[in-house]
Amino acid sequence: MPTGPDPGTVDHPAAGRPVAADRLPLRRRLLPVIALLLLAPWAAECSWGGFAIDDFLPVLIFLGPMYGGAAILIREAARHLGAGWPTIVLLAAAFGVLQAGLVDQSLFNPHYLDDTQYADTRAAAEASLVPGLAFSLRQAFDFVGNHIVLTICAPIVLIESFLWPQRRLRPWLGRPGLAVIGVVYLLGSLLVFSDSSGRKDFLASPIQLAFAAVVTLALVATALLPRWRHPQPRRARRVPNPLGVGLLVVVVRMGADLTPGWVGVTIALTLAAAAGTLVAYWSSREGWGQRHVLAAGTAGLVTAAAFAYLVPPYSPASPAAALAGDVAVTVVTVVLVGGAWWRLRASPAAHVAAR
């Protein structure tokens, strides 16, 4: 439901200055927080067919504190700082490295998928091993990339698109709320780290752990640079249709999986860098708005949902349960993306620039 006094007014927090949280009743401020807490784990693990429908609820309960907590903290950090999507994307990348390198350590564990229906992907992963650190660059791209696209960015852009423009860029939580979410995230991460189905009793070497920690800190430091809080003046040039922006992301997502080994990784990194640069260039133009952000942020989710019918869940499941999960993914994705698109079209200020 809409919140706020006037859906036609837009409050853009001053770039580079701390922004206070909404002064709405607690119940109304917590609604998007709870929605993001639940949507992040679903998008991360269920939206691409990773689980059958009877495993959806356990995923939300078990992984919600970690994935949802991270998404909330990243979104709130950026919005409190008055920063935009570059900060969110960089913090999402930091979370991806932290998660795969230090929490469940799947990045360094060559046997991580051996007890799943993806055990046959091990040979392809080993075709791009990084010397001295013993991890697959292909898997690193996939693990971290999926956390950026599915775990963090898509849920945030969906929830923000359902809000009125004057609330979209504002924080939802004050310091007490952030402290609570921080504890929830830490407890959720410790649960995964200590559980036999999380880290799977594997411990990376000190060099591997140090590498993951350094990369995580470097990404966080880059995300917090003041430059991301001072957007450049927008150019008076035409922007592409939002659907064209989404199509670009879909093409990049599909092209990144064409070739295995080092050649495939090089192609994937090149395509991702080129698409990111192009989207950043388009976003600097007048006319770039929340509908463009929604298209770019959810194209990966839509692609994942479309291909869910072709991939097996982690654990064997009955054909009926697997199909029901894939159909549920389609329905949820269509409702969320379609509802957000309708919401923006109904907003009097849907054309305003989005950061």
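Predicted model: local features only at pLDDT ≥ 70, side-chain atom pairs only at ≥ 80, totals over all residues.
Colleague: What share of the 355 residues is buried?

Modeller: Buried residues account for 48% of the 355 in the protein chain, where buried means under 20% relative accessible area, exposed means over 50%, and partly exposed is what lies in between (1.4 Å probe, protein chains only).

Colleague: And which residues have the most contacts inside the largest nonpolar core?

Modeller: Those are Trp42, Ile88, Ile152 and Leu158, in a core of 79 residues; such a core is a set of buried Ala, Val, Leu, Ile, Met, Phe, Trp, Tyr and Cys residues joined through side-chain atoms within 4.5 Å. In soluble globular proteins, nonpolar side chains tend to be buried together.

Colleague: What does Ile152 touch, leaving out residues up to four places away in sequence?

Modeller: Ile152 touches Ala70, Ala71, Ile74, Ile88, Ala92, Phe95 and His147, a contact being heavy atoms within 4.5 Å. Across the protein chain, of the contacts between residues at least 6 apart in sequence, 85% join residues at least 24 apart.

Colleague: Switching to cysteines, how many disulfides are there?

Modeller: A search of the whole structure gives 0 disulfides, a disulfide being a pair of cysteine sulfur atoms within 2.5 Å. As for individual cysteines, Cys46 is buried with a relative accessible area of 0%, and Cys153 is also counted as buried, at 9%.

Colleague: How many salt bridges does the count come to?

Modeller: The count comes to 9, where a salt bridge is a side-chain nitrogen of Lys or Arg within 4 Å of a carboxyl oxygen of Asp or Glu. Arg75, Glu76, Arg79 and Glu160 are linked in a network of them.

Colleague: Where is Lys200, then, and which side chain does it meet in a salt bridge?

Modeller: Lys200 sits in the loop between helix H7 (175-194) and helix H8 (206-223), and its side chain meets that of Asp115 at 2.9 Å, N to O. Because Asp115 belongs to the loop between helix H3 (85-103) and helix H4 (122-126), this pair ties together parts that are 85 residues apart in sequence. Lys200 is partly exposed at 21%, whereas Asp115 is exposed at 56%.

Colleague: What is phi of Lys200?

Modeller: Phi of Lys200 is near 60°, a positive value in a residue other than glycine, and Asp201, in the loop between H7 and H8, likewise has a positive phi of about 60°. Most residues other than glycine have a negative phi. Asp201 is exposed, with a relative accessible area of 66%.

Colleague: Which residue meets Arg138 in a salt bridge?

Modeller: The side chain of Arg138 meets that of Asp257, at 3.4 Å from N to O. Arg138 is in helix H5 (residues 137-161) and Asp257 in the loop between helix H9 (242-255) and helix H10 (261-283), so this pair links parts of the chain 119 residues apart. Arg138 is buried at 10%, while Asp257 is partly exposed at 44%.

How values were computed
Residues numbered from 1 in each chain as written. Heavy atoms only, no water. Helix = DSSP H or I, 4+ residues; strand = E, 2+ residues; numbered from the N terminus.
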